[in-house]
Amino acid sequence: ANLRSNVQKQDDKKVEKEREKETYVSCLLSTISIMMQSNIKPLLLLWTLVRILHCNGRTHAFSILRYSWSSSSSSNTAKTTLCSPLQQVAAASSQTRLKGATSSSLLEDKNSFDFSSTRAWEIFYQIEQQEQQQEASASAATEWHSSVPASTLVDLIPRSSSSSSSSPNNILMIGCGTSTLPDDMLLHFPKCHFFLLDSSHTCIDILQKRYSHDRYQNRVTCLCGNVLNLVHDDGGVLPKELVGKIDCIYDKGLMDALLCSEGWNGPVQQLLQQATAVLAPNNQAGSSYVLVSYQLPKSTKEFLKECQPNLDWTFSMGSGSDNNNNSRVELSRAILI
């Protein structure tokens, strides 16, 4: 009886293992089919499967690999880079995860929100726009470093005297978002033209509706594009006639976002190079790069000084405390020399 019982148990285990293998192989084949539709190259596909099959289902490895290789070799798919399907999956995953979230909750969840991703910010502003439409509010606005008074932020822009003639002619706000700071600047600098730049199309749509009123007298131009491509031989974000005519570049929070990315030193250096290219030389008040950011480490400040020597930085011109996470906010400015 014991022998028959042990044999029966062994047979049951064999049957269970066979079923697991069948299920496992079925899942693998389905995964391969999806991956093939995503145009993943054969070598990447082989590497992925070898990793999956390292511990399980080894008896089926060669048949599955032969299937994947023959299918990928015979299919006439468009040429893609190795990472593009993975980026598509990541984008879809991010959009699914962010679905149903509110604009404020996205910024609070630092584990799921990539502050350096233009795609993440586009989703954020889409949600903000939906909230605006649902609440029938006049305008959506998200203030980065809202603890700093608007009057303090405006005073960071250099002026040679108190007269209106010393006011800047052109101010470029980079990574402007939907902040209402331009409203305060429009009042303080009545003869100045403002250029609002952001990478999000939805954000720019919101701003264009906000500043389409006659009271702004066509003093606001909204630009959508990459801040790292302000000027370029083939054409940058800024019109060529504005290159060398910007009196002040205002950065409230953009540097924070760039510093969240891996290898941030490259984009930051490129940003400052682009900034010096568009700032007006020989400005009476001094063409400036105004930076409102979280408190910068000493090493980051040294990097900003070294990567662009013709920007004379003054850090810690003022500070504040972010109401959300008690992080220190630092006010800095660089003058073009």
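Predicted model: local features only at pLDDT ≥ 70, side-chain atom pairs only at ≥ 80, totals over all residues.

**Entry 1: the chain end**

I started with Ile337, which touches Pro309, Asn310, Leu311 and Asp312, leaving aside residues up to four places away in sequence; contact means heavy atoms within 4.5 Å. Ile337 sits in the segment after β7 (328–336). With a relative accessible area of 65%, Ile337 is exposed; exposed means over 50%, buried under 20% and partly exposed in between, with a 1.4 Å probe and protein chains only. I also checked Pro281, whose C-alpha atom is 7.9 Å from that of Ile337, although the two are 56 residues apart along the chain.

Residues are numbered from 1 along each chain as its sequence is written, and side-chain values use heavy atoms, with hydrogens and water left out.

**Entry 2: the whole chain**

I find 12 helices and seven strands in the chain; these are DSSP runs numbered from the N terminus, helices being H or I with at least four residues and strands E with at least two. Of the 337 residues, 42% are buried. I then took the contacts between residues at least 6 apart in sequence, and 70% of them join residues at least 24 apart.

**Entry 3: two helix pairs**

How do α11 and α12 pack? Helix α11 (residues 265–278) and helix α12 (residues 298–307) have axes 10 Å apart and an angle of about 45°. I take axes as lines fitted to C-alpha atoms, for helices over the stretch in contact, with angles from 0 to 180 degrees between N-to-C directions. That makes α11 oblique to α12; angles under 35 degrees are roughly parallel, over 145 roughly antiparallel, 65 to 115 roughly perpendicular, and the rest oblique.

From α11, Asn265, Val268, Gln269 and Leu272 meet Phe303, Leu304 and Cys307 of α12. I sorted the residues of this contact into five nonpolar, two polar and no charged; Ala, Val, Leu, Ile, Met, Phe, Trp, Tyr, Cys and Pro count as nonpolar, Asp, Glu, Lys and Arg as charged, and the others, Gly among them, as polar.

Next I looked at α6 and helix α9 (residues 201–210), which pack at about 40° with axes 7 Å apart. α6 is therefore oblique to α9. By class, I count three nonpolar, five polar and four charged residues in the contact of α6 with α9.

**Entry 4: cysteines**

How many disulfides does the structure hold? I find zero, a disulfide being a pair of cysteine sulfur atoms within 2.5 Å. For Cys192, the closest cysteine sulfur is in Cys248, 8.5 Å away and too far for a bond. Cys192 is buried at 1% relative accessibility. Cys222 is in no disulfide either, with the nearest cysteine sulfur, that of Cys176, 7.1 Å away. Cys222 is buried too, with a relative accessible area of 16%.

**Entry 5: positive phi**

I looked up two non-glycine residues here. His145 has phi near 60°, lies in the loop between α6 (118–135) and α7 (150–155), and is buried at 2% relative accessible area. Ser316 has a positive phi of about 55° and belongs to strand β6 (residues 311–321). Is Ser316 buried or partly exposed? At 48% relative accessibility, I log Ser316 as partly exposed.
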